[in-house]
Amino acid sequence: MKDEWVQTIREDLPDLSEFLEGIKGIGPIYRGADANYCYCCYMSIRLIEIHRILRNTGSVYLHVDPTMSHYLKLIMDCIFGYKNFRNEIAWKRNAGHGKGNQYTPKKYGALNDTIIFYVKSNNYFFDPYIPLTKKEIDAKFDNVDAQQRRYYTHQIMCNPTMPSRSNLCYTYNGVTNPHPSVWMVSKERLIEMDANGEVLWRDNKLPLRKILLKNYKGNPLSTAWTDIPSTRGKEKLGYPTQKPIALLERIIKASSREGDVVLDPFCGCATACFAAEKLERQWIGIDVSKKAYDYIKKRLRTAPAALNNLWKIEAEVDLGVESPKRTDLGVDHREKKFVYVISNPTFPNVYKVGISKNWKARLNQYQTSDPLRGYQKEFVFETPYYREIEKHIQEKFDNLSEWVQGDLEEIIQAIKNYTP
Ligand SMILES: C[S@@+](CC[C@H](N)C(=O)[O-])C[C@H]1O[C@@H](n2cnc3c(N)ncnc32)[C@H](O)[C@@H]1O
């Protein structure tokens, strides 16, 4: 684990930093007393970057081990915001009774994995349906109307136990719900449905809604995914943690449109990339392991013809060890942050010199801890050399546990004039 990660989290997400400090010491001793803390820092720093690059309409699916899923949910709450949590999906990866690899006595057989679903804003794309099989269609859409459209019927009036809403109490086409209850749709919507021939008027009976096959997307997905078995048969390449294509296809279909970009930063043998290609999305896969690289090469060579030419023709993978450089920050790819100087009249001649991406939020945090709200900003300076400057100031001026003592002007000049 790198100190830099801990520092970055402390600087940019103090709430997350506090959470991580709080879990120090929890975890299996045989992996080191701080194993969970280290893993969570390692994941946090990556999830912070994922949040940064994700579009406002995008979603994140995090597939995690049940021993860490509860930690990661809290980390995601800190990074994405608890309001952006959407679901915890249980993916039942095995048939049977849970007596496979995971079986140990005196606990329930583990049959499912956890997938945590977060979004970046409420403006996210979502289309979560499983198409019906032909057999299911035949069984469900057992009526044909005068226009030769297949349909099934559903109530269009609420039963008496449903709460009533004033905009749903009305008379239409001479019909008022006989119960002290209501229609299921607004009058405007009902008129529209009727005009489209989606209402079935029956002699002396209450009308029903017609659900037309041509408008039916499939069954809405729930959080229990029991129909996708773990990777098997020809699909199995040998990569130890390979996921089934169907699982990735489901996620990609539900949360993206054709042409959108899918990123898997822990892509293993590139199942997500493979599924994205099949569904005509753009994709990026990242993996740290040489083994993954070997398996991806193998997969590219054996990709079925159904995949489009891009996958087949440009089937070249470069193996690199250099971390990619950020290109979105100008010629100097280094990230910039603010070096700030904060004072408080209660502590004359000492100054807090710190680093933050958002110095206003940081000042606000100081203020809320101070009944007099006496903290004030003296100076802020945006620079890629924030770490070096902080160290330089701590060394140059008397250091009083994270605060420095000295003349304010001198401190400001020392910050401004620093050259690496
Ligand atoms: C659970 S596997 C993913 C399997 C993948 N879904 C598939 O179908 O093959 C997790 C992957 O994360 C990779 N990994 C671990 N640490 C990483 C890191 N720091 N950066 C990128 N990849 C990493 C591992 O090499 C492994 O391939």
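In which loop is Asn-173 found? Asn-173 belongs to the loop between β6 and α6, the latter spanning 187-195. Please bear in mind throughout that this is a predicted model.

Asn-173 is not a glycine, yet its phi is positive, near 55°. The residue counts as exposed, because 10 other C-beta atoms lie within 10 Å and the exposed class takes 12 or fewer. Gln-148 is likewise a residue other than glycine with a positive phi, in this case about 65°. Its place is the loop between β5 and β6 (150-155). Gln-148 has 6 C-beta neighbours inside 10 Å and therefore counts as exposed.

Four strands form an open sheet in the order β5-β6-β8-β7, and the pairing is antiparallel. The edges are held by β5 (143-144) and β7 (199-202); each has a single partner strand, so one side of each is left without a neighbour in the sheet. Between β7 and β8, the latter covering residues 205-212, the antiparallel pairing runs over three bridges. Within this pairing, Arg-202 is set opposite Lys-205 of β8.

I turn now to the interior. In soluble globular proteins, nonpolar side chains tend to be buried together. Here the largest nonpolar core has 41 residues, and the members touching the most others are Ile-75, Ile-79 and Ala-272. The greatest contribution to this core, six residues, comes from helix α4 (residues 69-80). Domain 1 (1-125) and domain 3 (238-324) each supply at least three residues to this core. As for Ile-79, its contacts beyond four places in sequence are Leu-13, Leu-16, Leu-47, Ile-48 and His-51. There is also a second, separate core of 15 residues, among them Val-341, Val-353, Tyr-386 and Ile-393.

Next, the ligand. Its surroundings comprise 15 residues, of which Thr-241, Phe-266, Gly-268, Thr-271 and Ser-289 are the closest.

Finally, consider Asp-398, which is part of strand β16 (residues 398-400). Is Asp-398 buried or exposed? It counts as exposed, because it has 11 C-beta neighbours inside 10 Å. Apart from residues within four places in sequence, Asp-398 makes contact with Val-404, Gln-405 and Gly-406. Val-350 is 48 residues away from Asp-398 along the chain, and their C-alpha atoms are separated by 9.2 Å.

Thank you for your attention.

Technical notes. Residues numbered from 1 in each chain as written. Predicted model: local features only at pLDDT ≥ 70, side-chain atom pairs only at ≥ 80, totals over all residues. Near = placed C-beta within 6 Å. Pairing = 2+ DSSP bridges. Helix = DSSP H or I, 4+ residues; strand = E, 2+ residues; numbered from the N terminus. Core = buried A, V, L, I, M, F, W, Y, C linked by C-beta atoms within 7 Å. Buried ≥ 20, exposed ≤ 12 C-beta atoms within 10 Å, placed from the backbone. Domains from an automatic or database assignment. Contact = placed C-beta atoms within 7 Å.
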